[in-house]
Amino acid sequence: MIATTNSTEGGTQTETYEVSLCSSSLLVGLQQQSICFSVVNIFLSITAFLGNFLILVALNKESSLHPPSKLLYRCLATTDLLVGLSTQPLAATYWISVVHKHWSLCRHAVEAIYISSYALCGVSLFTLTAISVDRLLPLLLGIRYRQIVTLKRTYIIAATFWILPVGAGSISISHSRIIRWYSIIGIALCSVISIASYTKIFRTLRHHQVQVQDHVQQQPSQETALNMERYRKVVSSALWVQLALAVCYLPKFIILVVINHSKTYSSRLVVIDVIASILVYFNSTLNPFLYCWRIREVRQAVKQTIQQALCFPWTWIYFLGVVNQP
């Protein structure tokens, strides 16, 4: 049973939520949950790392995708890989320290978790927002799209995505309430931009379809029809990734609002917050599956990479057997 001891017990009334996460009075009765959370984070850490590593290898091989668009997907896969490599092992370390009541290690783990979480999740959110805008620009710019959206400019934009989230992560403990407001506003703003972009895209596509149906004499060429069909698939793929992030981030957004307006905390709130955080981390495991499902070129490259990885050991065994023959 989850204990509901408030953080006001044990003299922690003035502590911030982040500091109270290493309070023995707040975490009483969470021993079994701590082990479970630790195991889940370790498992998702492995799947996120392996899945996004495969995606990065596949994107490196794939040449048919537009380079700026591919760069944004590589940036997103990199942040998801780093979530599996750093944030989730740190979360597992936090819960292990809670089990063993190692409060010094617990405090260091909490600080590291918040720094990496705000940095990496912020970059992911900004990158997905940029992908939604990138999908809209071909409709707005037409043939000028490839002249304006260049690889160099995309590199600059991707680099700037790291500045604000990393800066926010570095002060997340000392200014926790401010950073929570930054997260709430950031998530809301990025959501509005993404929703507006996809709304504009689908309204334009629907308007284009109506025009084609109304003007029978102006039949589009086969090449134009194929380009529009390919564009629809690209937009659909990006939208699925965007919807997955929205579903995974929404509970955390609500919890951030609740925590920011709470003066006392309970272990029940901690558990709900942890489950919401795990759902955010799960997004890093889910994205590689979405890439393989929705993007045919990436799916083929991943299959090829896995086949080469599985064949590689047997190739070396055969080679060593031939070499060692008398």
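# Exercises on a predicted helical model

The axes of α2 and α3 cross at roughly 160° and come within 8 Å. This pair belongs to a predicted model, and the exercises start from the pair.

**Exercise 1.** State how many helices and strands the protein chain has, and what share of its residues is buried.

*Solution.* 
- Step 1. Count the elements: the protein chain has 10 helices and 0 strands.
- Step 2. Read the order from the N terminus, which is α-α-α-α-α-α-α-α-α-α.
- Step 3. Of the 326 residues in the protein chain, 44% are buried.
- Step 4. Look at contacts between residues at least 6 apart in sequence: 82% of them join residues at least 24 apart.

**Exercise 2.** Locate T87 and determine whether T87 is buried or exposed.

*Solution.* 
- Step 1. Find the element: T87 lies in helix α3, which covers residues 67-99.
- Step 2. Recall that buried means under 20% relative accessible area.
- Step 3. The relative accessible area of T87 is 1%, so T87 is buried.
- Step 4. List the contacts of T87, leaving aside neighbours within four places in sequence: L82, I113, S116, S117, L120 and Y281.

**Exercise 3.** Describe the largest nonpolar core and say which element gives the most to this core.

*Solution.* 
- Step 1. The largest nonpolar core holds 37 residues, and I55, Y73, I131, I201, Y291 and V298 have the most contacts inside it.
- Step 2. Two or more residues each come from α2 (31-61), α3, α4 (103-141), α7 (176-214), α8 (222-260), α9 (267-294) and α10 (296-323).
- Step 3. The most come from α8, with 9 residues.
- Step 4. Follow I55: apart from neighbours within four places in sequence, I55 is in contact with A77, P288, Y291, C292, V298 and V302.
- Step 5. Note a second, separate core of 33 residues, which includes F37, V83, L120 and Y265.

Notes
Residues numbered from 1 in each chain as written. Predicted model: local features only at pLDDT ≥ 70, side-chain atom pairs only at ≥ 80, totals over all residues. Heavy atoms only, no water. Helix = DSSP H or I, 4+ residues; strand = E, 2+ residues; numbered from the N terminus. Buried < 20%, exposed > 50% of the residue type's maximum accessible area, 1.4 Å probe, protein only. Contact = heavy atoms within 4.5 Å. Core = buried A, V, L, I, M, F, W, Y, C linked by side-chain atoms within 4.5 Å. Axes fitted to C-alpha atoms, helices over the stretch in contact; angles between N-to-C directions.
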